[in-house]
Amino acid sequence: MSSPATTTPASPILGPSVTPRTIDSFLRAVPSVDEVGVAERAGALATRSVKRESKLAALHLAIRMCDLTTLEGRDTPGKVIQLASKAIRPDPTDPDIPSVAALCVYPNMVPYAVEALAGAGAGTANGTATGSGVAVASVATYFPSGQAPLDIKTGEVAWAVAAGATEIDMVINRGAFLSGDHLRVHDEIVAVKEACGPAHLKVILETGELSTFDNVRRASMLAMAAGADFIKTSTGKVKPAATLPVTLVMLEAIRDFHAASGTAVGMKPAGGISTAKVAIRYLVLLAETLGSDWLTPDRFRFGASSLLNDLLMQIRWLRENRYQSPDYFTRD
Amino acid sequence: MSRLQVRKTYKLYIGGDFPRSESGRTFPALDHKGEVVARMAAGTRKDLRMAVRAARRAQPGWAARTGYNRGQILYRIAEMVEDRAEAFGAAVRLSGAGAARARREVARAVDRLVWYAGWADKFAQVMGNLNPVSGPFFNISVPEPTGVVGIIAAEESPLLGLVSRVAPVIVSGNTTVVLASERWPSPSITLAEAMATADVPDGVVNILTGPKAGMVPFLASHLDVNAVDAFGAEPAMLRDIEQEAAAGVKRVVRPPGGDIDWAEAQSPYAIAAFTEIKTVWHPKGL
């Protein structure tokens, strides 16, 4: 275990001075995960049938929870602007369809997203700075690998926030976590949180690289103790990305953390959720684990790109009783 | 020694697999004397939805193959049907045909597949054209497949009637979802079993058995189906089919009036009915 290089600020959960010892005793107290039980429970809840009015309500809620995402090397300002108009008005033919929660882009694209989302609508719903009520989220901290020096990571975060992002999606230092240097993981999150200022911080655990549910649960607790506003499964660049069992493990960690500290942390599964059917399974899992208090975009988000079109298709199917074709929806 | 009869329970044919209906239901297939000969999966609109999805996925790849290769595969289906002529004959006889007529119908079905297989790399030359235009351009018209085609198969003539409509649809690069004869479903699934061993890519042909009334309206209104072949639809259903199809500007091919003589029902125009003509202007070097 490496010795702490910097003095760590006081943590409300971990006490006034955070040392490797306090971190380890905190993480040792985290119970281990019953893998079979998690798979069983996630599987059982996935079979629940949600129909008609309830389904329609769930689909609308899922749209409001979407972080519409484009994270590609070939992203252009034009694509971001086009996606921003989709974020505000997902289905131009149906005014009843709500806006999504946020548009999630790389830092370079934040200024374009801010400008495109500033215009339409009025008011500042969900505490966002944009006029349309759709927040601008930016991935930062050398997404997706996170393999960069800390000051570069915090610099990137500060840049994105200064450019107008109100939500930051950071990646944890998986290398440090897997080698047992939990303090370093903790300290980096604390530093990034500080760089965020008023912006919300979502901490990506990249569960596909953590190998075990026990690790996922410990990383969740560590991220929450370090001040995460949301914990998020994946970058979407690593397989497996979000799965129901891993989301259940994280939701249970949120529940335990809430019980211990009184702080309500949000959850964001991301990557591989592309159909409305699967999205509804996540909502069932959420409601059964954390209750209806969490059924709000302030506490739950979907990180997705192709999910939105499927949600729109399902809503139109319910409205028209006619199976839909992707030909009638935008190709992003 | 007397032994318990082992009756077959047929399944659907979707995306190259043989799944049971999502409803879990089956219905008895009767022979012409009213005896139960097998059980059939009772397809529902959800099975239809899965089948359309499979057909859509398969369509670009199937259309991208050369006509020559599609011809080879159709010919291969003919080989497989010929190989299983006895099983097909037995399936056809359930509908009351005598042995000789059943043999004839199977032979015709094989011949029909071979006939359309021959068209695979020729119809584009016949249907397409180099159009004379005034100006320094090549003006070329080529037939392209319509896309996903729903086929409502004829109730009578369950094998020849089916093959006569499926072959011209797939030969040009369309994929298809077939609602099999409700009264005599056995030959359709026997055909599916032959296709599964005949190099037909998964999802090019999907065959659903079961009550048509529950599936036809959803086939007609499905926005991801580009055309419906209504040869096997009850005349009373045609109006509704066309109305539902109108929302997606879907082509509906109506049956000709009167009884169809399936022995004669082969024509290159059956291929043309499920193609779209694309015309290209290309500048001529001067």
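I started with the largest cavity, which holds about 40 Å³ of space. This is a predicted model, so I keep that in mind throughout. How many cavities of 30 Å³ or more does the count come to? I get one.

Next I looked up what surrounds the largest cavity. Its lining consists of B:Ala29, B:Leu30, B:Val37, B:Ala91, B:Leu94, B:Arg183, B:Trp184, B:Pro185, B:Ser186 and B:Pro187. By class, I count eight nonpolar residues, one polar and one charged. Strand 1 (26-30) and helix 7 (186-195) of chain B each give at least two residues to that lining.

Then I moved on to the second largest pocket, with about 470 Å³ of space. I find 18 residues lining this pocket, and B:Phe231, B:Pro255, B:Gly258, B:Asp259 and B:Ile260 are the ones nearest its centre. The pocket lining splits into nine nonpolar, four polar and five charged residues.

Last entry: helix 1 of chain B, residues 45-64. I have 20 residues here, spanning 29 Å from first C-alpha to last, close to the 28 Å expected at 1.5 Å a residue. Where does helix 1 of chain B bend? I find the bend at B:Ala58, about 35 degrees, and a proline, B:Pro60, follows within four residues.

I also checked burial along helix 1 of chain B. The bend residue, B:Ala58, is on the buried list. Also buried are B:Asp47, B:Leu48, B:Ala51, B:Val52, B:Ala54, B:Ala55, B:Gln59 and B:Trp62.

Methods
Residues are numbered from 1 along each chain as its sequence is written. Chains are lettered from A and ligands numbered from 1 in the order in which they are written. This is a predicted model: local features need pLDDT of at least 70, side-chain atom pairs count only at pLDDT 80 or more; totals for chains, interfaces and linings use all residues. Side-chain values use heavy atoms; hydrogens and water are left out. The expected span of a helix is 1.5 Å times one less than its number of residues. The bend at a residue is the angle between axes fitted to the seven residues ending there and the seven starting there. Buried means under 20% relative accessible area, exposed over 50%, partly exposed in between (1.4 Å probe, protein chains only). On a 1 Å grid over the protein atoms alone, a cavity is a set of points where a 1.4 Å probe fits but cannot get out, and a pocket is an open set with protein on both sides within 12 Å along at least five of seven lines; lining residues have an atom within 4 Å of a point. Grid points are joined across faces, edges and corners, and a volume is the space filled by probe spheres set on the points. Ala, Val, Leu, Ile, Met, Phe, Trp, Tyr, Cys and Pro count as nonpolar, Asp, Glu, Lys and Arg as charged, and the others, Gly among them, as polar.
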